[in-house]
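Work through the exercises below with the sequence and the structure open side by side. Each task is followed by a worked solution.

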Amino acid sequence: MQANDPVVTRLDIVPYVNITRILDVIRDYDFDDRELLSASGIEDRPNKSGGLTGEQYYAFLEFILDNVNIPAFGLKAGLKYTLADYGVLSYACISSATIGQYLQTFFRFQQLVGSNASFSESMREDGPNAIIEIRSQCINRRLYRFDIEEAIGQWCNAAKDLWKGRGTMFTRINLSVSKPDYANEFQDLVGCPTFYNQPLNELVFASALLSDSIEMANELTAQLCEQQCNTILQNLTEQAGVVEQVRRMIINQPGQVPSPKEIAKKLNLSYRTLRRRLSEEGTTFKAVNNEVRIGMAGEYIRQTGLSTQEIAYLLGYSEASNFHRAFKQWYDKTPGQYRALE
């Protein structure tokens, strides 16, 4: 692999390019990036293949956020990304015939550029609108906001290439976070109305655009690049083990209860193969799902000020009372009693 290769070597890795783009913004504001990088505990500049585990990356990011104050930091980091930062996946996308195919290809292979260890995205259609939804697994609110902003910045850059010379592609951005003091600057940078305290993080655009052709479309190139992406993803999948992948997919979908068939589809596996491979690793989908919910419930109670009702929603419970009963079974304490111990 080339230095600073954006394609990850393991599914729990965040590529070094993420750090590079953060440092780009830091330099724009005249902070000493070398000093911060050294003080963060990362000994050398990120200039080799590989990457950081999700835990290492978020520890680095938290250190940076503790030591610099840059408005709309995540958005500005996202706006630094170029097509080259997505490696072979970018070629598979930009050689697609239409915007719709571009997006389908990206969402199918997004794990290649670190989505398993950071934020993940999906798309749906709702009448005249197409909606890209962004999800972060972070519980820490500062890291969560950075993740969501960075993803929006990346999509705004991608939209410029997809919809060249025709203004702003997105008609609305919804954010689940509170309105920051830099909201006006944020909206100027994204170029469309932005709304806060919304249920989901979404970029909205006209679904009619999905059929628009792409200037660099090339069927042969698209096929070759998709084959390469598929080979890389299969290798990464075999290395990681199915249990860990299922865990991360459930974590990356707060507020939802994904079915095993949905998870199998995202892993490019049949439902029967998913069941067999989970069995080979000594577990079932139900057991993995319960384990994830138990762990996340404890983390939300310990590390956030979210209400029981909010946590119940994030874990996919339609009623807070059902979550309350489940939590007591898991921890032998009510959520309130558990929080009081911390």
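**Exercise 1.** Decide whether tyrosine 57 is buried or exposed, and describe how its ring pairs with that of tyrosine 58.

Solution. The model is a predicted one.
- Step 1: The relative accessible area of tyrosine 57 is 1%. The cut-off for buried is under 20%, so tyrosine 57 is buried.
- Step 2: Tyrosine 58 has 10% relative accessibility and therefore also counts as buried.
- Step 3: The whole structure contains 12 aromatic pairs. Tyrosine 57 and tyrosine 58 form an aromatic pair with 5.0 Å centre to centre and 65° between the planes. Planes over 60 degrees apart count as edge-to-face, and this pair is edge-to-face.

**Exercise 2.** Classify the ring pair of tyrosine 331 and tyrosine 338, and place it in its cluster.

Solution. 
- Step 1: The ring centres of tyrosine 331 and tyrosine 338 are 4.7 Å apart and the planes stand at 50°, so the pair is tilted.
- Step 2: Tyrosine 331 is partly exposed at 21% relative accessible area, whereas tyrosine 338 is buried at 12%.
- Step 3: Ring pairs join both tyrosines, Tyr331 and Tyr338, with Tyr317, Phe323 and Phe327 in a cluster.

**Exercise 3.** Work out how helix α3 is oriented against α1 and against α7.

Solution. 
- Step 1: Helix α1 (residues 17-28) and helix α3 (residues 54-67) have axes that come within 11 Å and cross at roughly 10°. Angles under 35 degrees count as roughly parallel, so α1 is roughly parallel to α3.
- Step 2: On the α1 side the contact is made by Asn18, Ile19, Ile22, Leu23 and Ile26, and on the α3 side by Tyr57, Phe60, Leu61 and Ile64.
- Step 3: The axes of α3 and α7 come within 10 Å, crossing at roughly 100°. These two helices, α3 and α7, are therefore roughly perpendicular.
- Step 4: Here Tyr57, Tyr58, Leu61, Glu62, Leu65 and Asp66 of α3 meet Arg142, Leu143, Phe146, Asp147 and Glu150 of α7.

**Exercise 4.** Which residues have the most contacts inside the largest nonpolar core, and which helix gives the largest share of this core?

Solution. 
- Step 1: The largest nonpolar core holds 81 residues, and Phe73, Ile152 and Trp155 have the most contacts inside it.
- Step 2: Helix α7 (residues 141-162) supplies the largest share of this core, 11 residues.
- Step 3: Beyond its neighbours within four places in sequence, phenylalanine 73 touches Ile22, Val25, Ile26, Ile64, Leu65, Val68, Phe146 and Glu149.
- Step 4: A second core of 29 residues is separate, with Ala264, Leu278, Tyr300 and Ile301 among its members.

Key: Residues numbered from 1 in each chain as written. Predicted model: local features only at pLDDT ≥ 70, side-chain atom pairs only at ≥ 80, totals over all residues. Heavy atoms only, no water. Core = buried A, V, L, I, M, F, W, Y, C linked by side-chain atoms within 4.5 Å. Buried < 20%, exposed > 50% of the residue type's maximum accessible area, 1.4 Å probe, protein only. Helix = DSSP H or I, 4+ residues; strand = E, 2+ residues; numbered from the N terminus. Contact = heavy atoms within 4.5 Å. Phe/Tyr/Trp six-rings, centres within 6.5 Å; stacked < 30°, edge-to-face > 60°. Axes fitted to C-alpha atoms, helices over the stretch in contact; angles between N-to-C directions. Parallel < 35°, antiparallel > 145°, perpendicular 65-115°, else oblique.
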